[in-house]
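Hi,

Here is the structure I said I would pass on.

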Amino acid sequence: MPYRTIIEPFRIHSTQAINLPTREDRDKALGRAGFNLFGLHADEVIIDLLTDSGTGAMSAKQWAGMMVGDESYAGSRSFYRFLDVVQGITGLPEIIPTHQGRAAERILFSVMVKAGDVVPNNTHFDTTRANVEYQGAEARDLVITEGKDPSADHPFKGNMDIEALERTITEVGVERIPLVMVTVTNNSGGGQPVSMENLRAVRDLCSHHGIPFYLDACRFAENSWFIKLREPGYEDHTPREIAAEMFSLADGCTMSAKKDGLANIGGFLAMRDPLVAASCRNLLILTEGFPTYGGLAGYDLEAIAQGLEEVLDEEYLRYRIRSTEYLAEKVSAAGVPIVRPAGGHAVYLDAKGFLPHIPASQYPAQALAVELYKDGGVRGVEIGSVMFGTVHADGTETPAAMELVRLAIPRRTYTQSHIDYVGEVVVSVAERAESIGGYRIIEQAPWLRHFTARFEPV
Ligand SMILES: *Cc1c(COP(=O)(O)O)cnc(C)c1O
């Protein structure tokens with residue numbers, strides 16, 4: 001067959017104007033925000049790749065679903081539609097809606113995790129780590145070695161290191177490991193997928209020790225597509241079949257519907273164990289709401305239910321994964337170091353390789369993120385020592401394993417020309433990389449400091 005561009009499998013039905021702030025506007029905005037891109041007004045950004053979370057475009061069918069949302073406090077029809085869809089995809093019986101993923105995390109860990117415990121994960125996402133640590137437990141990352149090396153090639157760089165997991169269980173003891181989690185795809189480790197074989201190995205080890213196994217399932221559909229593309233034996237399986245098999249291996253999951261729910265808000269907690277579910281529902285009522293809405297409007301539940309159906313569509317997933325790879329190819333061709341291969345939802349620029357003259361103590365990934373904004377109004381996010389460095393009591397810091405800038409692609413939002421523009425900005429920053437300097441932190445919070453810290457150039 002002749003080569004054909006993989007097109008966006010949708011056409012645009014309503015638009016939102018993009019502001020085009022000048023270089024001068026952008027410098028002013030940076031000063032006000034203390035060089036923290038979270039402090040920018042969205043109207044000061046040209047292409048916003050801060051996150052793929054809740055930033056996607058909904059389909060006409062999702063909007064139509066919102067119009068028929070049932071806002072009954074208890075037992076709403078929209079809840080039962082949501083329940084049917086989530087049970088249908090996951091096969092998990094207990095489904096608890098939450099207002100987003102971290103609420104599911106907080107509730108699950110409040111019920112299952114206590115001080116002194118250790119929770120293994122391939123790589124904890126920032127809110128997941130913070131919620132584990134908030135319980136006084138240790139969040140331990142056990143991704144395979146290749147997953148920590150941006151340039152290493154491996155089809156499933158998100159895989160859990162099974163031997164390291166086994167050693168952890170022996171060292172820590174089963175009583176202090178309340179659950180094992182695996183994040184699909186591995187967001188903080190480059191959006192890399194986890195193979196079915198690896199999930200099965202985690203399942204077997206957990207079963208052997210009687211430890212519950214939960215998925216952080218935010219990007220379960222993207223992970224399913226990678227399994228179809230890369231894992232022998234799955235070529236002819238549908239994404240839905242692959243997702244069903246992934247969930248069949250788990251005792252439960254946390255989910256942010258702002259990712260593969262294709263919704264702007266929402267999430268859920270799901271599990272097999274009715275006793276754990278009952279404790280979670282008791283907490284849910286305290287902060288989220290009644291168990292048939294969990295902090296969401298009935299129309300949100302409709303949008304999520306419809307989004308979960310659409311996200312497993314093969315044409316959508318083919319376009320989605322290809323459009324991310326397209327940006328990766330563009331910047332790689334210009335010699336810019338990135339995490340290879342491209343992740344599902346984002347391209348991760350390797351700031352250590354990009355700016356080798358900036359030491360980790362001066363936050364090279366932060367410097368790169370600021371520069372992309374200055375140059376072209378492109379907002380990415382630092383995933384390096386600002387987000388994951390360990391601050392010690394004496395003020396010294398242990399840097400993160402990797403210094404990355406994530407360019408996350410909102411779902412169904414930008415076109416190929418927007419992505420071409422982003423590639424041009426990255427390449428223009430790369431051409432003057434040696435002239436870019438580092439940053440120091442002048443203000444920070446005790447948790448999740450990356451959201452609010454203020455910086456100044458060194
Ligand atoms: C986004 C995300 C979360 C948290 O979900 P929110 O909806 O942002 O609260 C947890 N884990 C992973 C892997 C995520 O990407």
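This is a predicted model: local features need pLDDT of at least 70, side-chain atom pairs count only at pLDDT 80 or more; totals for chains, interfaces and linings use all residues.

Between domain 1 and domain 2 the count is 5 salt bridges, taking a Lys or Arg side-chain nitrogen within 4 Å of an Asp or Glu carboxyl oxygen.

Residues are numbered from 1 along each chain as its sequence is written, and side-chain values use heavy atoms, with hydrogens and water left out.

As for the bounds, domain 1 is 23-52 + 313-457 and domain 2 is 60-310, from an automatic or database domain assignment. Their C-alpha centres are 26 Å apart.

On contacts (heavy atoms within 4.5 Å), 29 residues of domain 1 meet 37 of domain 2. By class, the domain 1 side has 15 nonpolar, 4 polar and 10 charged residues; here Ala, Val, Leu, Ile, Met, Phe, Trp, Tyr, Cys and Pro are nonpolar, Asp, Glu, Lys and Arg charged, and the others, Gly among them, polar.

The two domains bury about 2,700 Å² between them, 60% of it from carbon and sulfur atoms; that is accessible area (1.4 Å probe) lost on putting the parts together, summed over both. L317, M402 and R411 supply 19% of what domain 1 buries against domain 2, more than any other three residues.

Cheers
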